[in-house]
Amino acid sequence: MAKPSRIAAPKHAMVLAAGLGTRMRAFNGQLPKPLVQVGGKALIDYVLDRLAEQGVERAVVNVHHLADQIERHLAGRRRPKIVISDERGELLGTAGGVVKALPQLGSAPFFHVNSDTIWIDGVKPNLGLLAAAFDPARMDALLLLAPVAASIGYAGRGDFLMGPDGHLTRRSEREVAPFVYAGAAILTPAFFAGAPSGASSMSPLFDRAVEAGRLCGLRLEGIWMHVGTPEAVKAAEAALTASAA
């Protein structure tokens with residue numbers, strides 16, 4: 001990948017916490033997935049702590065399912081400053097939620113992180129590596145990608161193929177891809193240009209960026225854990241314990 005143009009590390013972030021967490025409900029149907037604890041810490045706190053460590057000043061958190069619990073949990077947090085984007089009236093989807101929040105995110109590139117993503121960093125923090133690699137001259141989006149073969153709790157067919165220059169292509173329906181989206185990215189407001197208001201998916205925006213040659217990826221350093229089910233929580237806790245030993 002070519003040396004990126006220098007930009008300041010993002011100071012704002014979008015944290016997605018409005019999902020229904022359907023597969024996790026067997027764990028506790030009265031607890032929103034972002035508040036499920038792994039190793040004694042809520043999933044969303046792993047995300048927010050990492051953002052704070054990277055100097056993020058404002059995190060916009062969208063809420064829908066069991067929103068009151070998430071708001072109460074975040075009420076005491078000061079770093080980063082939390083701004084709630086309320087989707088109680090209508091779940092807006094992966095793209096629509098961000099489109100609604102864009103006025104709070106500003107005009108600069110921002111971190112975009114799923115509230116339930118968790119990984120063990122390598123030598124350097126992955127969010128810092130993402131910021132260092134982001135090049136607005138050639139990217140509208142830079143996605144953190146985990147190798148499928150080295151991930152914990154993931155049994156899918158992958159999401160993307162990555163070229164030597166970092167450019168991404170989506171896998172075809174019958175194809176198996178070596179990388180899965182790890183739930184963290186840096187996006188530009190331009191990535192959402194023309195996206196409709198209301199409920200909408202990120203998938204067409206990824207396809208558009210691929211066609212324009214402006215969707216790139218960065219390989220995650222460390223171990224990514226897909227915490228989609230109660231069983232996966234146990235696997236993630238075991239990995240965290242092993243990494244701390």
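A pocket, on a 1 Å grid over the protein atoms alone, is an open set of points where a 1.4 Å probe fits, with protein on both sides within 12 Å along at least five of seven lines; lining residues have an atom within 4 Å of a point. Its volume is the space filled by probe spheres set on the points, which are joined across faces, edges and corners.

The model is predicted: local features need pLDDT of at least 70, side-chain atom pairs count only at pLDDT 80 or more, and totals for linings use all residues. Residues are numbered from 1 along each chain, and side-chain values use heavy atoms, without hydrogens and water.

**Exercise 1.** Describe the largest pocket and its lining.

*Solution.* 
- Step 1: The space in the largest pocket is about 950 Å³.
- Step 2: Of its 36 lining residues, Leu16, Thr94, Asn114, Asp116 and Tyr181 lie nearest the centre.
- Step 3: β11 supplies the largest share of the lining, three residues; strands are DSSP E runs of at least two residues, helices H or I runs of at least four.

**Exercise 2.** State how far helix α4 is enclosed, and what it packs against.

*Solution.* 
- Step 1: Among the buried ones are Asn126, Leu127 and Leu130.
- Step 2: The buried residues of α4 pack (heavy atoms within 4.5 Å) against α1, β6, β7, β8, β11 and β12.

Conventions. Buried means under 20% relative accessible area, exposed over 50%, partly exposed in between (1.4 Å probe, protein chains only).
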